Structure formats: structure tokens, C-alpha cells
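Subject: Structure handover

Hello,

Here is the structure for you to look over. Please open it first, then read the notes below.

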Amino acid sequence: MDNRQAIGSWLSGPRAAAEEMGVDFGYPGQRLGLPRSGPGSVARFGRRLGAVAIDWIGCQLIAYGLITGGDLAAAGNWTLGLFLALTLLTVSTVGFTPGKRIVGLRVVGQDGGRLGVPRVLLRTALLALVIPALIWDRDGRGLHDRLAGAVQVRI
């Protein structure tokens, strides 16, 4: 084996090495019975990140301008509180936050139905911890979605 091949396999990770040996991982969402692309397919990381950024900036603007009266130091905790309240209320009622709606995403249960309030509460609490959202499975679901039995799909 050439040294360049060894370095390339090390940089590519175990998934690439397994795929080279013939293992078929399928596409994200295949194990959940979701389509490969289009409406109903698993949302990609970029869209999810964009939705969170839109929601966070909106909550920060509200906290900064309306609640704290321009005190940037005090706006941080208010921003988090508003973000969690926004997520809990909107996902449990309509299935998406304003940011998710703008980028074309919806949060649904693994079975395709709506999430109940207890599962949305669990998902939101885990989202507040940040770390569960940064750990995802091969279907692209964060740990917070996986533990709540949810999946973010394209509209």
C-alpha cells in the first residue's frame, strides 16, 4: 500500500474505508422510510443550521431591543429563554419555528405524525444543552431528535 493511500483512508474515516470494502450505508433517512430527496426527505445540516441562526438572531433582536432596552450584557439569558419558548410553542403547535419555515423544514415524529408536547419538551430541553444537537447519527438526526423520536424533514 502506498503511503498516500494510507493517509487518505485515515483522513476519510472509517465510513469511507467500509464503503471501499463494499458496505452500503444507504442514504440519510432510508432506514426511516423517507425519500432520498425532495419533500419529506431528511433535512441537511446546512438548512438546519440556517434555521437555528434565523431563530436565534430574531430572539436576540427581541431581547436586545424590547426586553433589555439595549443592554447587550443582559440580552444573552433573555435570548436563550425566548429561543426555548419559541421552539417549544411553535414546534408543538405547527411543527416548525419561523426559521425552519423560512428555510423549508418541519419537525415530525418518526412515524410521520405530529410530536406531542412531552416529546417537544424533551427535544427542546436537550436542544438547550447544545451538545446533543451536535451529535448526530447516519440519518442526519441530532441526538435531541433521536431521543425525542423526531426527524427534521424538508417541506
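Helices (H or I, at least four residues) and strands (E, at least two) are DSSP runs, numbered from the N terminus. This is a predicted model, where local features need pLDDT of at least 70, side-chain atom pairs count only at pLDDT 80 or more, and totals for chains, interfaces and linings use all residues. Residues are numbered from 1 along each chain as its sequence is written, and side-chain values use heavy atoms, with hydrogens and water left out.

**Val91**

Start with Val91. It lies in helix α4, which covers residues 72-93. Val91 is buried, because its relative accessibility is 4%. Buried means under 20% relative accessible area, exposed means over 50%, and partly exposed is in between (1.4 Å probe, protein chains only). Setting aside neighbours within four places in sequence, Val91 is in contact with Leu86, Phe96, Thr97, Val107 and Val120. Contact here means heavy atoms within 4.5 Å. Val91 and Ala53 are 38 residues apart in sequence, and their C-alpha atoms are 16 Å apart.

**The strands**

Val107 stands opposite Gln152 in β2. Strand β2 (residues 150-154) pairs with β1 in the antiparallel sense, over five bridges. Two strands pair if DSSP finds at least two bridges between them. Strand β1 spans residues 105-109, and four of its five residues are buried, so it is largely enclosed by the rest of the structure.

**The whole chain**

The protein chain has eight helices and two strands. In sequence order the pattern is α-α-α-α-α-β-α-α-α-β. The C-alpha trace spans about 65 × 35 × 25 Å along its principal axes. The chain has 155 residues, and 34% of them count as buried. Take the contacts between residues at least 6 apart in sequence: 59% of these join residues at least 24 apart.

**Salt bridges**

How many salt bridges does the structure hold? There are five. A salt bridge is a side-chain nitrogen of Lys or Arg within 4 Å of a carboxyl oxygen of Asp or Glu.

Asp139 forms one with Arg31, with the closest N and O atoms 2.8 Å apart. This pair links distant parts of the chain, 108 residues apart. Asp139 sits in the loop between α7 and α8 (143-148), and Arg31 in the loop between α2 (14-20) and α3 (45-67). Asp139 is buried, at 1% relative accessible area. Arg31 is partly exposed, at 46%.

Asp137 takes part in two of the bridges listed here. Its closest N and O atoms with Arg141 are 3.6 Å apart. With Arg146 the N to O distance is 2.7 Å. Asp137 is buried, at 16% relative accessible area, and Arg141 is buried too, at 4%. Arg146 is partly exposed, at 40%. Salt bridges that share partners join Arg31, Asp137, Asp139, Arg141 and Arg146 into one network.

Last, look at Val130. It is found in the loop between α6 (117-128) and α7 (131-134). Val130 is partly exposed, because its relative accessible area is 45%.

Best wishes
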